[in-house]
Amino acid sequence: MKNLQIVEYEDMLLWCLEELSLDWGDHFWKSDEILRSIAAGDKRLFFVLVDSQAAGMIFFSIASLESELLFLFIRDNFRHQGLARRLMKEYFATLKTLKIDSLFLEVRESNTGAQALYQSLEYRLIGRRPRYYRDGESALVMKKEL
Ligand SMILES: CC(C)(COP(=O)(O)OP(=O)(O)OC[C@H]1O[C@@H](n2cnc3c(N)ncnc32)[C@H](O)[C@@H]1OP(=O)(O)O)[C@@H](O)C(=O)NCCC(=O)NCCS
């Protein structure tokens, strides 16, 4: 792997969010919603940079005893190189320092790639939310204990 850095969002890194959000388009979160949530104080955002290029990000919420993974994204040309796994490991390490041990996420039923990643990281299926997304697709709910 080339030069890889994982860094937390700060104003100077707004360009990373802008570049990444151009790639994910309208399908997921809007970047201004992400920025508002960070400013509100209960959500955090980490980027993965490869040779100083924005390659992906992880966005999650923090509550007193639990955390929800809200969005994990790796740019197309950086996929299948273990970057999502690296971001998830950094996420777990951050939660450990905060003594948070219940982790949740929702994932589209059709997103078998992401489900495979989460299963390999010991998330287990705990429920299903029918027609959860605006387009009518159902969500699977997964949980991990750290
Ligand atoms: C899902 C996503 C984050 C994976 O990123 P990635 O950097 O390619 O993932 P990694 O290289 O770290 O893969 C780790 C593991 O995940 C699994 N995996 C990842 N993508 C997969 C795919 N398309 N099909 C099957 N398994 C996949 C594999 O188990 C893989 O382990 P392996 O490389 O040892 O086989 C990326 O495809 C993405 O950004 N997708 C669009 C956004 C999204 O769906 N986010 C998740 C829901 S919020």
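View 1. The strands shown here are DSSP runs of E of at least two residues, while helices are runs of H or I of at least four residues, and both are numbered from the N terminus. The structure is a predicted model, in which local features need pLDDT of at least 70 and side-chain atom pairs count only at pLDDT 80 or more, whereas totals for chains, interfaces and linings use all residues. Residues are numbered from 1 along each chain as its sequence is written. Strand β3 (residues 53-62) runs antiparallel to β4, and seven bridges join the two, where strands are said to pair if DSSP finds at least two bridges between them. S61 stands opposite E68 in β4, and a hairpin of three residues connects β3 to β4.

**View 2. The hairpin of β2 and β3.** Strand β2 (residues 43-50) pairs with β3 over eight bridges in the antiparallel sense, and within this pairing V48 stands opposite G56 in β3. Two residues lie between the strands of this hairpin, and D51 in the turn has a positive phi of about 45 degrees.

**View 3. From β4 to β5.** Strand β5 (residues 102-108) runs parallel to β4, to which four bridges join it, and L69 stands opposite L105 in β5. The chain passes from β4 through α3 to β5 in a right-handed β-α-β crossover, a term used if, with the strands pointing away from the viewer, the path from the first strand over the helix to the second runs clockwise.

View 4. The protein chain is divided into domain 1 (1-100) and domain 2 (101-146), with bounds that come from an automatic or database domain assignment. Their C-alpha centres lie 18 Å apart. The contact takes 12 residues from domain 1 and eight residues from domain 2, counting two residues as in contact if their C-beta atoms, placed from the backbone, lie within 7 Å. On the side of domain 1 that touches domain 2, the elements that give two or more residues are β4 and α3, and the largest share, six residues, comes from α3. The residues of this side of domain 1 divide into seven nonpolar, one polar and four charged; here Ala, Val, Leu, Ile, Met, Phe, Trp, Tyr, Cys and Pro count as nonpolar, Asp, Glu, Lys and Arg as charged, and the others, Gly among them, as polar.

**View 5. The shell around the ligand.** Because domain 1 (1-100) and domain 2 (101-146) both give residues to the shell around the ligand, it lies between them. Of the 18 residues around the ligand, R79, A84, R85, G113 and L117 come nearest, where a residue is near a molecule if its C-beta atom, placed from the backbone, lies within 6 Å of it. The elements that give two or more residues to this shell are β4 (66-74), α3 (83-97) and α4 (112-120), and α4 supplies the largest share, five residues. By class, the shell has 10 nonpolar, six polar and two charged residues.
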